Amino acid sequence: MTFEAPHIRVQDLNVHIGDHHILKNISLDIPDKKITSFIGPSGCGKTTLLKTFNRLLDRNKEVRIGGRVLVDGEDIYGKDVEVTGMRRKMGLLSQRPFPLPMSIYDNIAYGPRIHGTRRKKELNGTVEHYLRATGLWEEVKDRLGSPATRLSIGQQQRLCLARGLAVEPEIILGDEPTSALDPLSTQRIEELFLQLKDRYTIVLVTHILRQARRLSDYIVFIYMGEIIEFGPTEEVLLDPKERLTREYVKGYIS
Amino acid sequence: MTRVRLIKDRISGKLFLAFTLLSILLVVFVGIGLYGKSVPILRQSSLSHLLFSREWKPFKNRFGFLPYIAGSVLVTGLAILIALPLSLMTAVFISEYVPNRIKRLLVPFIDLLSGIPPVIYGVWGVLTIVPFIQDRIAPHFVEFSSGYSALAGGLVLAVMIFPLIISILLEVFGTVPQELRDASLSLGANQWETVYRVVLRKSAPGILAATVLAVSRALGETIAVLMVCGNQTAFPHSVLDPVYPLPALIANNYGDMMSIPLYDSALMLAALILFVIILLFNGLSRVVLYRLERRNNE
C-alpha cells in the first residue's frame, strides 16, 4: 500500500546486525495521524524496524543499515541530518517504563529544559499540561518532587508518555508499550493512544492481536524480516490475502 | 534418602553461618588485638595528646601521631583528587563512547594495570616522578625539594588506584539500563546530556562506593608510597614537603628499635588509628550511600 503524503516512507530498507540479515527489502508507507501496528512473531524484526525510525539502532557499530527512511520527505540517514532534532520528532515508549532517575516534575521538564526552556513559569505550565493529558495530574500533583520510581508501573508508563509528549513530537513510537502492565493500566494507555491519534502519527509494535485490532487503523504483518502483508486492520485480520498471515492470525504460527 | 538430603541441607546452612560469623569476628579480633597491644601507650599518654601532638620523641616517651595522620590524609587526598576526575572521564569514555569491539580490548588492559605489584609502581615513582618533581615542579614554588614528597606519593598512588576506580565505574555504568539512555536520546538529548544528566546521576551511589574503596586502598597502601614520599617526621606545610604516612611508619620501624620502651605499643596504636580511620570512613560512606540510594530510588 502507498499513500500520497506518508509521514514515514521506508524504501528498500535492509538491516544487518553482525552476520544476521534482520530486515529484508522493507518498503513501507506509514500514513499521517493514524495508528499503524506492526505484528508478527517474536524475533521477526518488528522492534528493529521501529528502532530504525529514530536512529537508536545505528548507535551500535555492528549494525549496518541500507536503504532510506524518509520522515516528512527527509532522509533521516542522510549526511546532513541533525540526529537530536530528528529524534525529538518521535516520542518513544518502551516495553517497560524507564523513568529518568529524578523527580516526577524533572522527568517531564527534562526534554523542554534540554531544548532551551528555562523559565520556571513556562515549565510549570508544560508539566501540568502533559500530566493532565495523560491523566496523571490528579494522582501526582501533590508529590511532583518525589522520585518518579515511586509511582506504580502503570503510572510510570503514563509518565514516560507525558515525558515524550512534552518535547512536542509528531510521531509516537510504541514498542509493546503495555507488555509489562496490568489490564487496567493497559486500558488507560490504549485509551490515551486513541485520544492522541488525532494529533500524532502512532506506530505500535504489538504481539497482542486483540490490541492491534482495538487500536490500529492499519496493520503490517512481518515474518522473518519481511513484510508479508500491509493493509487496513479489518482486512488483514479478518480477510488476510497471504497464507502466512492467515496462519498467524489463526494462531497456527507464533 | 530424603532424610540424608534434609540433614545435608541443614548442615550446609549452619556451616555457611559459621564461616560468615568467623569472617566478621576476624575484623573484631583484629580490632581487639590492636587495642590490647596499644593499651600500654594509651595508659601513659592521653588520647588527645597522642592524636593531636606533633612531638615525636620516642626516647623521651613522647609520641605525637599528628604528622603521620596528616601524612596519610594528605597523600590519600591528593591521590583521590588526581585519580577520581581522570578515571571518571576515562570510564565514561570507555563505557559510553567506545564501540564494543574496542571496549573488549581496553577492559582487560585496565584490569592488567591493577594487577601490577605495588613495588613496581614504587620503583617507577623513584625513577620518574621524584626527579620530575625535583627538577620541573618544585623549582617553581620552593628553593629546594628532593622530590620525595607528599605530591610524589599522591601521584604514584593516583596511578595505582586509577585502574581500580575505572574497573568499578565500568561495572557501575554497565548496570544503567540501555533503555534509560534510549529514553533520554529519544527526547532529543545529545550524548553528553545523556551521560551527564542520566548515566552519571543514576550511577551516583556507585561512584561514591568506588571512591570509598579507592580511599581505603590508598590509605592502606604501604610500599609504593614509602618509597617516594620521603619519610620524615614533620607536619607537612605543602604538598612538596616530605611526609611519613602511618603504614610507612609501621613498615619501616616494626622489628627495629624495639629496645625503646613503648615503641612497640606506639606502632600498634598507629595500626589501630589506621584501622579506625578506615572503619569510620567506610561507615560514614554507608550512611551517605543509603541516603543517596533512597533519594534516587524507592
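In chain A of this predicted model, A:Leu70 has A:Asp75 in S5(A) as its bridge partner. The pairing between S4(A) and strand S5 (residues 74-75) of chain A is antiparallel and comprises two bridges.

An open sheet of chain A is built from six strands in the order S6-S7-S8-S3-S9-S10, with mixed pairing. Its edges are formed by strand S6 (90-93) and strand S10 (226-232) of chain A, each of which pairs on one side only. On average, neighbouring strands of this sheet are turned by 15° against each other, direction ignored. Within chain A, strand S3 (residues 35-39) and strand S8 (residues 201-205) run parallel and are joined by four bridges. A:Ser37 stands opposite A:Leu204 in S8(A).

Between the two chains, 24 residues of chain A are in contact with 21 residues of chain B. On the side of chain B that touches chain A, two or more residues each come from helix H7 (178-186), helix H8 (191-220) and helix H11 (263-296) of chain B. The most are given by H7(B), with seven residues. By residue class, this side of chain B consists of eight nonpolar, six polar and seven charged residues.

Notes
Residues numbered from 1 in each chain as written. Chains lettered and ligands numbered in written order. Predicted model: local features only at pLDDT ≥ 70, side-chain atom pairs only at ≥ 80, totals over all residues. Pairing = 2+ DSSP bridges. Axes fitted to C-alpha atoms, helices over the stretch in contact; angles between N-to-C directions. Contact = placed C-beta atoms within 7 Å. Nonpolar A, V, L, I, M, F, W, Y, C, P; charged D, E, K, R; others polar.
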